[in-house]
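User: I have a model open and would like to talk through its contacts. Could you take my questions as they come?

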Amino acid sequence: MNEATLEIPYEIPEGARNPVEPFLRMDRMPHIWCAGCGIGTTVNCFTRALLDSKANLDKVAIVSGIGCTGRVAGYARLDSFHTTHGRAIPFATGLKLANPELQVVVYSGDGDLFAIGGNHFIHAARRNMDLKVICVNNMIYAMTGGQTAPTTPATAITATSPYGVSEPTFNLVALAEAAGASYVARWTTYHVKQLARSMEEVLKKKGFCFIEVISPCPTLYQRRNKMGDGLDAMKDYKAKSKVRNGAPTGECTLSKTGEIVVGKFVDRERPDYLELLKAQMIESLGDRYVEPEEACCSEC
Amino acid sequence: MVERFASRIPTVGGIFIQMEDELAASITIQGAVWGGAKAFTVTSGPGFSLMMEHIGYAAMTETPCVFVNVQRGGPSTGLPTLPAQADMMQARWGSHGDYGIIALCPNSPQECFDLTITAFNLSEEFRVPVMMMLDECVGHMTEKVVIPEAEKIAVTPRRYTTQPPEEFRAFEPKGDMVPDMVKAGDGYRFHVTGLTHDERGYPSMNVETQDRLVRRLLDKLKPLANGRALCETEGLDDADVVVVSYGITSRVAQRALQMARQRGIRAGKFRLISAWPFPAERIRELAGRVKAFVVPEINLGQMVYEVERAAAGKAKVIPVSHAGGTVHKPEAILKAIVEAAQ
Ligand SMILES: Cc1ncc(C[n+]2csc(CCOP(=O)(O)OP(=O)(O)O)c2C)c(N)n1
Ligand code: SF4
Ligand SMILES: [Mg+2]
C-alpha cells in the first residue's frame, strides 16, 4: 500500500506500522483469526472504505452477530456491538431507529445472517431499513468447528456432513434482491480493490445494502475438502471468478468447484423505512404527527 | 397495549415498529437503548419463551429495557387469552447462566400504569431488564385509571457518563455497582458484548473476570431484595396466618382474607409487587412470628418455593395451586387459611 495516499485524519498511535491500525482496537491484538483466514482481508477493505468515504467515524456503528466473522465488531474502533447469534440485524434496526444519523453497518457470517438470522435479513431488506450488511461467506459455521451452513455447497464435506452435503445451497444475492435490497454485490477476498470500492459505495448509499464476500476458511472448510490453504484459495478465486456487473442474480448460484460470478448486481433507489414511515404518518396524521427527535432521554 | 401504543406514539415523537417475531423485538429494543432511546416490548406465552436469550443479553450487557408479559396458561400454546401466573420462574431464570432481573406484578389497571413508570425507572437505576408480569385478567381489566400530569411523574433519567472518551471505561461499576451509560454516536467508540467482559467492555474469558462480573450482576440488585422491596401489607401486626399473593390472585385473596377475619382468624396480607428480586428478608422476619403462610397462585407452585426457602422451616407454608384458565375461588384460599390457623 502507498502510505502517501492514505492521509489518515487521525493520530497514529506510537509504534504503529499498518495504516489500518487507527481503525482497529490495537489493545485487543492479536486477533483470534487463523493464518490464511479471509476475514482479516475483508476488514482491511472495510477500513480502506471508511477512509475513502471520509465518513465521520464517530457516527459509524458496527453490529455483529456470533461467529469468527462476528468478532469483527470487537476489533473495529467504532461504537461496536457484538450481539447474539443471528440477531445483529434487529439490534441494528433498533440502533438506527433511535439515532437515524448513525451509519449502521452489520458485519457477520453466512451462518449467522442466513441460517439462524435469515428471517431478520429478509424483513430488513423488505423494509429497506438503512443498514449496510456485509456477509463474510466462508460457506461454513467456522467458529463452532465447521458444521454445514445453508451456504455450504452440495457435496462438500463438513463436520456434520461427513459423507457430503446433499441439500441445495442458498443463493444469497438472489435472496437479497428478491427481498428488496437497494444494493447487492458479491466479491471474493481476491477482489480487494473492488470490495473496498463496493463498501465505500454502500457507506454513501441510503437503504438496505448487501455485500457478500466469498472468503476462505482454510482451517475447516478448505482442509476438509482438500482445497489447500489461504493462498490456494486466492488462486482458486482468481481462476474461477468472473466479473459480471448487473448479472441476473438468479444465475449466480455458487457451487463447490464451479464459476464464481462476482460484481455489483443491484443498485436501485427505493424510499427507506424511515422515509416511508414519515410519509405515511404525515398522510394519515397531518399536523398531529410528531417526528421522532434524536433520543431525548438524557433530559426527560 | 400494542394497539394503543401504535396509535398514540407517532403523535408524541416516538416510534412503534412491529418486528417479524419476538426474537427480533427483544433485541431491537436493546439496539434502540444503545442508540439513546427508552424502549420496551410486549408479549404473552410463547413469545416470552422466544425472548429469553435476549433477556440474558440485556442482563449481561446491562441494557436498561422493559419487557411486558401478559401471562396466559401454558405450556406451549396453552390457553391463549386465559389467565395464569405460570411464567414467574421463567421470568427469573429463563435465560441460561446466572444473572438478576427485576419483575413487577401489578394487580389493577392503575398499577399497570404506575408500575410501568417504576419499571422504566428501575431499569435505568440498576441497568437490568425489568419485567412487568401481568396476567390475562389484569391485562384485560377495565377500571378507572388516574393519569397524573406529566410534570408530576418522576422519571429517572439515564445516567450518562460525564467522563471524556479517553478516560471512560464502559463497564466500570460506580459506587452503586452500576456502570455509567453511553450511547452510540457520541465519540466514545465503546464496545458491548454478550461475552464475559472486563471493565473496558472487552471480551475477557477467564475465571476471575467471570466471577467479578457475574457476582456484580446479582449483587447490584440487593437493595431491592431487602429494604426497597415493593409490597403491600395489611394486618400483619397480629397475624397468625399470612397470605402471600400477587397479581390478580391478590384480589381474590383479599376476599378470602375478609372472610377469614369475619370468622375471627387473624389473617394478614403480604402482596408481592416486586416479585424479583424476592423479598426474602421480609418473609424471613415474618416467619419468626407467624404460624403459617398461604400462597395461592395460578400455577402448580412457583413463588411458593421462594416463600418456603425464606421461611426456612420456621413457619408452615401452604400452597394453593391452580392450573390456570380462570382465577381461584376465594373459598379455596379461605379453606387453606382455616387449615393453617389450626
Ligand atoms: C443461539 C445460538 N445457537 C448456536 C450458537 C453457536 N454458534 C456460534 S457461532 C455459530 C455459527 C457461525 O457461523 P457463521 O455465521 O458462518 O460465522 P463464521 O464463524 O463462519 O464466520 C454457531 C452455530 C450460538 N452462539 N447461539
Ligand atoms: S476457523 Fe476459519 S473462519 Fe474462523 S478464523 Fe480460522 S480460518 Fe477464519
Ligand atoms: Mg461462516
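User: Is A:Asp27 buried, partly exposed or exposed, and what is its relative accessibility?
Analyst: This is a predicted model, and in it A:Asp27 has a relative accessibility of 48%, so the residue counts as partly exposed.

User: Which residue forms a salt bridge with A:Asp27?
Analyst: The partner is B:Arg200, and the closest N and O atoms of this salt bridge are 3.9 Å apart. B:Arg200 sits in the loop between strand E6 (191–193) and helix H8 (207–219) of chain B, while A:Asp27 belongs to the segment before helix H1 (39–53) of chain A, so the pair joins two chains. B:Arg200 is partly exposed as well, because its relative accessibility is 34%.

User: How many salt bridges are there over all chains?
Analyst: A search of the whole structure finds 42 of them.

User: What about B:Asp211, which side chain does that one meet in a salt bridge?
Analyst: B:Asp211 meets B:Arg215, with an N to O distance of 2.8 Å. Both residues lie in helix H8 of chain B, four residues apart, which is about one turn of the helix. B:Asp211 is partly exposed at 38% relative accessibility, whereas B:Arg215 has a relative accessible area of 52% and is exposed.

User: And what does B:Glu232 pair with?
Analyst: The side chain of B:Glu232 forms a salt bridge with that of B:Lys269, at 2.6 Å from N to O. This pair links distant parts of the chain, since B:Glu232 is in strand E7 (residues 231–234) and B:Lys269 in strand E9 (residues 267–272) of chain B, 37 residues apart.

User: Which residues do salt bridges with shared partners join into one network?
Analyst: That network is made up of A:Glu201, A:Lys205, A:Lys264, A:Asp267 and A:Glu269.

User: Switching to rings, how many aromatic pairs does the structure hold?
Analyst: There are 16 aromatic pairs over all chains. One of them is formed by A:Phe121 and A:Phe208, which are edge-to-face, with their centres 5.2 Å apart and 80 degrees between the planes. A:Phe121 is in helix H5 (residues 118–127) of chain A and A:Phe208 in the loop between helix H7 (192–203) and strand E6 (209–214) of chain A, so that the pair links distant parts of the chain, 87 residues apart. Both A:Phe121 and A:Phe208 are buried.

User: What kind of pair do B:Trp34 and B:Phe190 form?
Analyst: Theirs is a tilted pair, 5.6 Å centre to centre and with 35 degrees between the planes. B:Trp34 is part of helix H2 (residues 22–34) of chain B and B:Phe190 of the loop between helix H7 (136–140) and E6 of chain B, so the pair ties together parts that lie 156 residues apart in sequence. B:Trp34 is buried at 1% relative accessibility, and B:Phe190 is buried at 4%.

User: Which residues are in the cluster that ring pairs link together with B:Trp34?
Analyst: Besides B:Trp34, the cluster includes A:Phe81, A:Phe91, B:Tyr57, B:Phe171 and B:Phe190.

User: Which ring face does B:Arg92 lie over?
Analyst: B:Arg92 lies over the face of B:Trp93, at 3.9 Å from the ring centre. In another case, B:Lys183 lies over the face of B:Tyr160, at 5.7 Å from the ring centre.

User: Last one, what classes of residue make up the shell around ligand 2?
Analyst: The shell has nine nonpolar residues, two polar ones and no charged residues. Among the residues around ligand 2 are A:Trp33, A:Cys34, A:Cys37, A:Cys68, A:Asn138 and A:Cys217. The largest share of this shell, three residues, comes from helix H8 (residues 218–224) of chain A.

How values were computed:
Residues numbered from 1 in each chain as written. Chains lettered and ligands numbered in written order. Predicted model: local features only at pLDDT ≥ 70, side-chain atom pairs only at ≥ 80, totals over all residues. Heavy atoms only, no water. Near = heavy atom within 4 Å. Nonpolar A, V, L, I, M, F, W, Y, C, P; charged D, E, K, R; others polar. Salt bridge = Lys/Arg side-chain N within 4 Å of Asp/Glu carboxyl O. Buried < 20%, exposed > 50% of the residue type's maximum accessible area, 1.4 Å probe, protein only. Phe/Tyr/Trp six-rings, centres within 6.5 Å; stacked < 30°, edge-to-face > 60°. Lys NZ or Arg CZ within 6 Å of the ring centre and 35° of its normal.
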